[in-house]
Amino acid sequence: MEPALKAIYKDKVVTGLKEKFGYANIHQIPNVEKVVLNCGFGREEDRKAAAENVIDDLGKITGQRAVPTRAKNAISNFKLRVDDVIGARVTLRGAQMWEFLDRFINVASPTIRDFRGLSVKSFDGRGNYTIGVSDHTIFPEIEIEKVKRTIGFDLTIVTTANTDDEARELLALLGIPFRKADAAA
């Protein structure tokens, strides 16, 4: 069964982008390529327990096991050795990516405290969009009673768009709630 957000992409977004930017070929229309969640927990006294908690929680949120990221250099001031686990990341593609984006747009982002929309200024110049999520308990998969530590992570939506304007229109048509004040600026 096709994810709901992918059906919206095929029905609404493709025609909207084709009308606005006048693409001659259907392969020129931007698409969401992947979604990457990256979490660094840095300087924790109990790094092993922190790593397990972060990997488990990212796995619950995404439905896919997170991969630990390791230190490349030793830094004595931070008591950090080479190959110490300092974070975790998950890359989502295909149906899991569409399902996660749908849950983020429709369920998780509206539950962010004092939510007025996501900033339009977080594009990187190549059509990719990064959102900083400061509290992972906005996702319904996380049981608040069982949370040992609150984690924040970066959520990057990688698109095939060539410009930020194309990517902004793609994400807006998908339903990403952008802040109104930023859109006017």
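Me: Let's begin with asparagine 53. Which helix does asparagine 53 lie in?

Reply: Asparagine 53 lies in helix α2, which covers residues 47–62. Bear in mind that this is a predicted model.

Me: And what makes asparagine 53 count as buried?

Reply: Its relative accessibility is 15%, and buried means under 20%. The value falls under the cut-off, so asparagine 53 counts as buried. Leaving out residues up to four places away in sequence, asparagine 53 touches Lys148 and Arg149.

Me: Why does aspartate 46 count as partly exposed?

Reply: Aspartate 46 has 34% relative accessibility. Under 20% would be buried and over 50% exposed, with partly exposed in between. So 34% makes aspartate 46 partly exposed. As for its place in the chain, aspartate 46 lies in the loop between β1 and α2.

Me: How far is aspartate 46 from valine 158, in sequence and in space?

Reply: They are 112 residues apart in sequence, and their C-alpha atoms are 33 Å apart in space.

Me: Now the sheet. In what order do the strands come?

Reply: The order is β2-β3-β1-β5-β4, five strands in an open sheet with antiparallel pairing.

Me: What makes β2 and β4 the edge strands?

Reply: β2 (67–70) and β4 each pair on one side only. From one strand to the next, the twist averages 25 degrees.

Me: How do you know that β2 and β3 count as a pair?

Reply: Four bridges join β2 to β3, and the two run antiparallel. Pairing takes at least two bridges, so four will do.

Me: Why is α1 called roughly perpendicular to α3?

Reply: Their axes come within 7 Å and cross at roughly 90 degrees. Angles of 65 to 115 degrees count as roughly perpendicular, so that is the word for α1 and α3. The contact is made by Ala4, Leu5, Lys6 and Tyr9 of α1 with Trp98, Leu101, Asp102 and Ile105 of α3.

Me: Which members of the largest nonpolar core touch the most other members?

Reply: The core has 51 residues, and Val35, Leu37, Leu58, Phe153, Leu155, Ile157 and Leu174 touch the most other members. The elements that each supply at least two residues are α1 (4–21), β1 (32–40), α2, β3 (85–92), α3 (94–108), β4 (129–133), β5 (153–159) and α4 (164–174). With seven residues, α3 gives the most.

Me: What is isoleucine 157 in contact with, leaving aside its neighbours within four places in sequence?

Reply: Isoleucine 157 is in contact with Val32, Lys34, Val35, Leu101, Gly127, Asn128, Tyr129, Ile131, Leu171 and Ile176.

Me: Which residues of α4 are buried?

Reply: Asp164, Glu166, Ala167, Leu170, Leu171, Leu173 and Leu174. What covers the buried residues of α4 includes α1, β1, α3, β4 and β5. After α4 comes glycine 175, with a positive phi near 110 degrees.

Me: Zooming out, how many helices and strands does the protein come to?

Reply: Five helices and five strands, following the pattern α-β-α-β-β-α-β-β-α-α along the sequence. The C-alpha atoms fill a box of roughly 55 × 35 × 35 Å along the principal axes.

Me: What share of the residues counts as buried?

Reply: Of the 185 residues, 42% count as buried. The accessible surface comes to about 10800 Å², and 47% of that belongs to carbon and sulfur atoms. Among contacts with a separation of 6 or more, 68% come from residues 24 or more positions apart.

Definitions and conventions: Residues numbered from 1 in each chain as written. Predicted model: local features only at pLDDT ≥ 70, side-chain atom pairs only at ≥ 80, totals over all residues. Heavy atoms only, no water. Buried < 20%, exposed > 50% of the residue type's maximum accessible area, 1.4 Å probe, protein only. Contact = heavy atoms within 4.5 Å. Core = buried A, V, L, I, M, F, W, Y, C linked by side-chain atoms within 4.5 Å. Axes fitted to C-alpha atoms, helices over the stretch in contact; angles between N-to-C directions. Areas by Shrake-Rupley, 256 points an atom, 1.4 Å probe, with all protein chains shown as cover. Parallel < 35°, antiparallel > 145°, perpendicular 65-115°, else oblique.
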